[in-house]
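Please walk me through this structure.

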Amino acid sequence: MRYRAFELLEAGSERIQEMFTELFAHVAEGALRTLPTTAWDMRRAPEAFSFLSQARHVGKLVLTVPRPIDPEGTVLITGGTGTLGTALARHLAATHGVRHLLLTGRQGPEAAGVDELRASLAEYGATLTVAACDVTDRAALTSVIAGIPSRHPLRAVVHAAGVLDDTVVTSLDAGHLDRVLAPKADGAVTLHDLTRHLDLDAFVLFSSFAGTVGSPGQGNYAAASAFLDAFACRSAAEGTRAVSLAWGFWADSSAMTGHLEDTDRARIFRGGLAPLTAQEGLALFDAALATPEAQLVPVRFDTARLADEVTAGTVPRLLERLAGTPRRRGALVPAPGGRDRRGGQGEDALRDRLIRADRDERAGLVMDVVQTQAALVLGHAEQELIGTDRAFKDLGFDSLTAVEFRNRLKAVTGLRLPPPWSSTTPVRAPSRPTCAPSSPPCRAAPTATGRRPLRKPMTPESPKPPTSSTPSTPRA
């Protein structure tokens, strides 16, 4: 390889014009591509220059200047006729001074509460347009955006549309995925394609906390949410003022959460989540617009409950530091002196109790564990409500609560229960529990030769002890 220095101007103006004309033609034809650019928010300029100094980039780095939403422009809210959409529309008019709001939804102007919303917005001097549009219909969405008057151009997009179609992962099929990913993921891509040339003031995607830590029965919704989070990051790097908000649970019932029963809500709250009020959620929305981050998780936690669940080992490790409590091995198990008292931690404590107990007492201890965990999953205050002669299905178990129940038993016992289990199986204690050795594991001191003595031979009356004195760590 040889390097040759030359002065471009030596070619002459006419030759330079010919070269640029040829280059532009190649770029227009796609034969040549311009250098890629990566955008950094101005508020992250120190990080951008540090990144540049390390030569970690390809192409050009550019700084984007944040700006508030233009109040004279139009803000589009997909899923805008729902609970969150209408609350956000009022907030944008009252707090951000937005004067032109365009809401889309499948029912359009026929959706409940549209007239009341229009009257409410008029008090702030804002106008409301509601269009019947399915965000998965590209042609319809194109028509809606094209119909925005030029005197009030589109300045911001909030993609709040979405649907749920919950089921356990083993039951997910293409239909479950399409029904959830189409409005969330496909809708976001379509909106981006139709608006990327407008240099919007804000491009906000509503995702879910399920995409960050997972959620039982919502594998499809978690995937859609994770896509939005990643898509916002990529769009921001391309220069779009994009942000994805992975919302926690809102207190106000909506079309997506109105079907939840008390058992479903109890399961959500057991994970340490606390419901967000509308006031809290909208304040977090404002905070998100004021930060340079492209992915945020606006969630409210019940830290006391979260600490309990972290201790029990039933929440993702990602949340441990939020609780400020170290994870211990397993969940709380009932003490032998009473069915409502709880004692030591996890599989070690349960094994010790089973070892110390008489053979006839072990069935009761195991039954206490099963009833306690079943009561927690079903939201019962008393474990006596879990009858030993009723099938799990009759007690109120479904596919989601069954998964949580199995995970809790695994955390307590250290045993991986094989799925699927029959919901018609009655809650009964085994006639002869075999989940613990009949004597403590051998920990004899080394002999004079430096080797530990061999364990005594196994007998039919003595189940095989663990192969290691350190049980495997339950995984979240």
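Predicted model: local features only at pLDDT ≥ 70, side-chain atom pairs only at ≥ 80, totals over all residues.

Residues are numbered from 1 along each chain as its sequence is written, and side-chain values use heavy atoms, leaving out hydrogens and water.

Take the helices first. Helix α3 spans residues 83-95 and helix α10 residues 278-289. They pack at an angle of about 60°, with axes 11 Å apart. The two are therefore oblique to each other (angles under 35 degrees count as roughly parallel, over 145 as roughly antiparallel, 65 to 115 as roughly perpendicular and the rest as oblique). From α3, the contact (heavy atoms within 4.5 Å) takes in Ala87, Leu88, His91, Leu92 and Thr95. From α10 come Leu282, Phe285 and Asp286.

Now the rings. Ring pairs link Phe285 with Phe206, Trp247 and Trp250 into a cluster. Rings of Phe, Tyr and Trp (its six-membered ring) pair if their centres lie within 6.5 Å; planes under 30 degrees apart count as stacked, over 60 as edge-to-face and the rest as tilted. Phe206 and Trp247 have ring centres 5.5 Å apart and planes at 75°, so the pair is edge-to-face. Phe206 sits in strand β7 (residues 202-208) and Trp247 in strand β8 (residues 242-247), 41 residues apart. Trp247 and Trp250 also form an edge-to-face pair, because their centres are 5.0 Å apart and their planes at 65°.

Are these residues buried or exposed? Phe206 and Trp247 are buried, and Trp250 is buried too (buried means under 20% relative accessible area, exposed over 50%, partly exposed in between, with a 1.4 Å probe and protein chains only).

Note on methods: Axes fitted to C-alpha atoms, helices over the stretch in contact; angles between N-to-C directions. Helix = DSSP H or I, 4+ residues; strand = E, 2+ residues; numbered from the N terminus.
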